[in-house]
Amino acid sequence: MKTRKQIFKNILIGFLTIGFLLITLYPIISGNISYDNYFKDYSALILVFLTYIYVLLTFLILNSNNRLAKEQLRPYVVASFKRIDSFIYFSVKNFGKRPALNTKITISDGFDELQIPSIKGNYRHLLKQNFLAPNQEIKNLVSDLAAVISPRKKEANRCFDFNIEFFDTDGTKYELEYQIDFTNQYAELTIQDETLVSNLKK
């Protein structure tokens with residue numbers, strides 16, 4: 001998603017290019033000169049305009065490559081549920097190539113109803129992480145398969161909205177929003193980390 005700064009920069013470049021083009025073509029547009037004389041008398045101006053276009057294209061390509069490199073090196077924090085044998089773990093993992101700072105995870109209400117009473121609410125201490133190294137994963141046992149498939153509370157919510165905020169070491173803020181629905185997940189297996197990341201990046 002483009003930021004306001006990027007949008008403003010693109011608009012400014014567009015206006016400058018159009019203005020420069022109009023100045024370059026003004027003698028022909030005004031009808032005061034023939035094409036032959038225009039290319040002869042204004043060859044220097046035409047050359048300056050072509051040089052400007054070349055520099056502009058070079059700048060845009062380099063800028064695009066720079067953004068792509070930063071995107072590939074960014075942190076990428078994902079919270080998910082993992083099934084290991086008959087138990088359900090809540091996992092927070094940084095799939096990115098840079099550390100993630102000040103991670104804050106928000107989950108919609110109701111997951112407590114899918115937990116075993118003795119460990120109810122124990123996932124909450126994972127919702128805030130000051131530092132996650134690349135490929136670092138923190139997980140905790142939060143329920144068992146039976147409690148998720150057949151909640152004790154029949155009308156228990158089994159669809160949860162996730163919002164994750166985190167920063168890189170340069171102070172750039174990132175935010176992810178997605179949904180995990182348990183309704184049909186545990187017939188075979190829960191959401192896998194790699195599948196979730198793949199879907200989020202599409």
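1. What share of the contacts in the protein with a separation of 6 or more comes from residues 24 or more positions apart? Such residues account for 64% of these contacts, a contact being heavy atoms within 4.5 Å.

2. This is a predicted model, in which local features need pLDDT of at least 70 and side-chain atom pairs count only at pLDDT 80 or more, while totals for chains, interfaces and linings use all residues. Residues are numbered from 1 along each chain as its sequence is written, and side-chain values use heavy atoms, with hydrogens and water left out.

3. The protein has five helices and seven strands, taken as DSSP runs (H or I, at least four residues, for helices; E, at least two, for strands) and numbered from the N terminus. Of the 202 residues, 34% are buried, that is, under 20% relative accessible area with a 1.4 Å probe, protein chains only.

4. Helix α3 (residues 43-72) has 30 residues and should span 44 Å at 1.5 Å a residue, which agrees with its end C-alpha atoms being 44 Å apart; the expected span is 1.5 Å times one less than the number of residues. Within α3, I46, F49, L56 and N63 are buried, and the cover over the buried residues of this helix includes α1 (4-29) and α2 (35-41).

5. Strand β6 (residues 159-167) pairs in the antiparallel sense with β3 (residues 100-107) over five bridges and with β7 (residues 173-181) over nine bridges, where pairing requires that DSSP finds at least two bridges between two strands. I164 in β6 is the bridge partner of I105, and K173 in β7 is that of F167.

6. The hairpin of β6 and β7 has five residues between the strands, and G171 there takes a positive phi near 90 degrees.

Technical notes
Buried < 20%, exposed > 50% of the residue type's maximum accessible area, 1.4 Å probe, protein only.
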